[in-house]
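Welcome! Here is a short tour for anyone opening this structure for the first time. Take a look at the chain, then read on.

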Amino acid sequence: MSISDKLDRVLTRAEEVRHLLATADGSQFGALSKELSELEPLVERVEALRAAIRARDEAEAMLGDPELRELAEDEYLAQKEAVPRLEREVRLMLLPKDSADERSAILEIRPAAGGDEAALFAAELFRAYQRYAEGRRWRFEVLEYDEGELGGVKGAVAEIAGTGVFARFKYESGVHRVQRVPATETQGRIHTSTVTVAIMPEAEEVDVQINDSDLRIDTYRASGAGGQHVNKTDSAVRITHIPTGTVVAMQEERSQHKNRAKAMKVLRARIYEAQRARLSEGRAADRKSQVGTGDRSERIRTYNFPQGRVTDHRIGLTLHKIDKVMLGDFDEIIDALTQEDEAARLAAEGE
């Protein structure tokens with residue numbers, strides 16, 4: 001089907017939905033209203049594109065008239081520039097959307113190689129993401145924060161709630177490498193450490209069916225830094241999903257019920273993400289166009305403190321602004337990754 005035919009179908013469907021809404025009953029009205037609200041931005045861009053094409057063609061036809069040439073030339077050049085931009089916008093809007101993009105997300109950060117230095121950087125990166133989320137007015141709720149020595153973390157989990165969170169954070173999954181001189185290093189040598197980041201779209205109960213009979217729930221006393229409740233009550237919870245072997249432990253809250261609710265939220269997100277990964281693996285086009293959005297074993301970024309640079313290895317982007325990035329300024333990196341992903345998906349659609 002040609003792009004023109006696709007656009008005709010969009011306009012036709014939007015008109016159909018408008019007519020159906022006029023006579024829709026309560027059960028249909030909500031679904032039709034949602035469909036129309038999703039179609040309208042695309043309809044607006046399609047109409048703008050077709051208006052620009054008409055204006056360009058009309059101005060081009062007037063270029064042969066000596067009296068109108070000067071006036072027509074400006075219009076022709078303006079519309080000639082606008083048409084490709086509008087075409088790209090429309091093609092992007094026609095691409096299949098990731099249904100998880102608009103969702104909230106679960107963030108998990110854990111130190112990998114590097115001991116205390118990895119734990120310290122894991123804590124710093126966790127705070128950087130928190131600042132980024134707060135700067136966009138998203139709610140950042142710490143679900144688990146297993147504090148280690150020297151101010152580092154053994155693992156940290158957070159829920160980032162808001163519209164479009166997953167779309168912005170999904171490129172962060174993978175191995176993040178840090179190169180710097182640790183505070184405990186007496187010889188001034190640069191050490192290399194790594195942390196793993198996992199970003200998962202938050203799952204609703206309707207997304208993942210979990211039967212109580214498939215769960216093994218253990219309670220135990222919390223350990224480590226955490227307040228007066230540590231080692232006094234069996235508030236910590238460990239949930240094992242037997243069919244998949246997925247295990248989530250939670251001890252942040254003093255209440256066993258609150259820890260269980262948080263653990264179920266993370267468990268549901270992990271199972272949902274695993275299901276999404278299996279679906280993605282079965283789509284050759286997705287693999288060709290994907291810009292690293294989920295493989296936790298992939299080294300995606302290096303933070304080099306002595307040289308003040310951050311390098312994203314997937315797209316070869318290097319920024320000399322590590323201080324700003326560690327204060328939560330991730331937009332330039334995320335925008336570049338988004339644009340690269342869009343370009344790859346457009347190219348795959350054209351094959």
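## A first look at the model

This is a predicted model, and the protein chain averages a pLDDT of 86, with 91% of the residues scoring at least 70. Two stretches call for some care. Over residues 226–230 the pLDDT is below 50, and this stretch has 11 contacts in the model beyond near neighbours in sequence. Residues 284–290 also stay under 50 in pLDDT, and for them the model has 11 contacts beyond four places in sequence. Where pLDDT is low, the predicted coordinates should not be read in detail.

## The domains

How is the chain divided up? The domain assignment gives the following parts.

| Domain | Residues |
|---|---|
| domain 1 | 3–94 |
| domain 2 | 105–205 + 294–350 |
| domain 3 | 212–281 |

Notice that domain 2 is written as two segments, 105–205 and 294–350.

## Where domain 1 meets domain 2

The centres of domain 1 and domain 2, taken over C-alpha atoms, are separated by 39 Å. Where the two touch, four residues of domain 1 are in contact with five residues of domain 2. The size of an interface is often given as the accessible area lost when the parts come together. For domain 1 and domain 2, the buried area is about 380 Å², and carbon and sulfur atoms give 56% of it. Which residues of domain 1 supply most of its share? Arg 88, Arg 91 and Leu 92 supply 93% of the area that domain 1 buries against domain 2, more than any other three residues.

Helix H3 (residues 69–94) gives three residues, the largest share of the side of domain 1 that touches domain 2. By type, the residues on that side are one nonpolar, no polar and three charged.

Side chains of opposite charge can pair when their charged atoms come close. A search of the whole structure finds 30 salt bridges. One of them joins Lys 265 and Glu 159, with the closest N and O atoms 3.2 Å apart. This pair links distant parts of the chain, 106 residues apart: Lys 265 lies in helix H6 (residues 256–281) and Glu 159 in strand S3 (residues 153–161).

Helix H6 also holds Arg 276. What does Arg 276 touch, leaving aside residues up to four places away in sequence? Its partners are Asp 98, Ala 100, Phe 166 and Pro 201. With Asp 98, the side chain of Arg 276 makes a polar contact of 2.9 Å.

Conventions
Residues are numbered from 1 along each chain as its sequence is written. This is a predicted model: local features need pLDDT of at least 70, side-chain atom pairs count only at pLDDT 80 or more; totals for chains, interfaces and linings use all residues. Side-chain values use heavy atoms; hydrogens and water are left out. Domain bounds come from an automatic or database domain assignment. Contact means heavy atoms within 4.5 Å. Buried area is the accessible area (1.4 Å probe) that two parts lose on being put together, summed over both. Helices (H or I, at least four residues) and strands (E, at least two) are DSSP runs, numbered from the N terminus. Ala, Val, Leu, Ile, Met, Phe, Trp, Tyr, Cys and Pro count as nonpolar, Asp, Glu, Lys and Arg as charged, and the others, Gly among them, as polar. pLDDT is the predictor's confidence in each residue, from 0 to 100. A salt bridge is a side-chain nitrogen of Lys or Arg within 4 Å of a carboxyl oxygen of Asp or Glu. A polar contact is a pair of N or O atoms within 3.5 Å; within protein, one must be able to donate a hydrogen and the other to accept it, and residues adjacent in sequence count only if both atoms are side-chain atoms.
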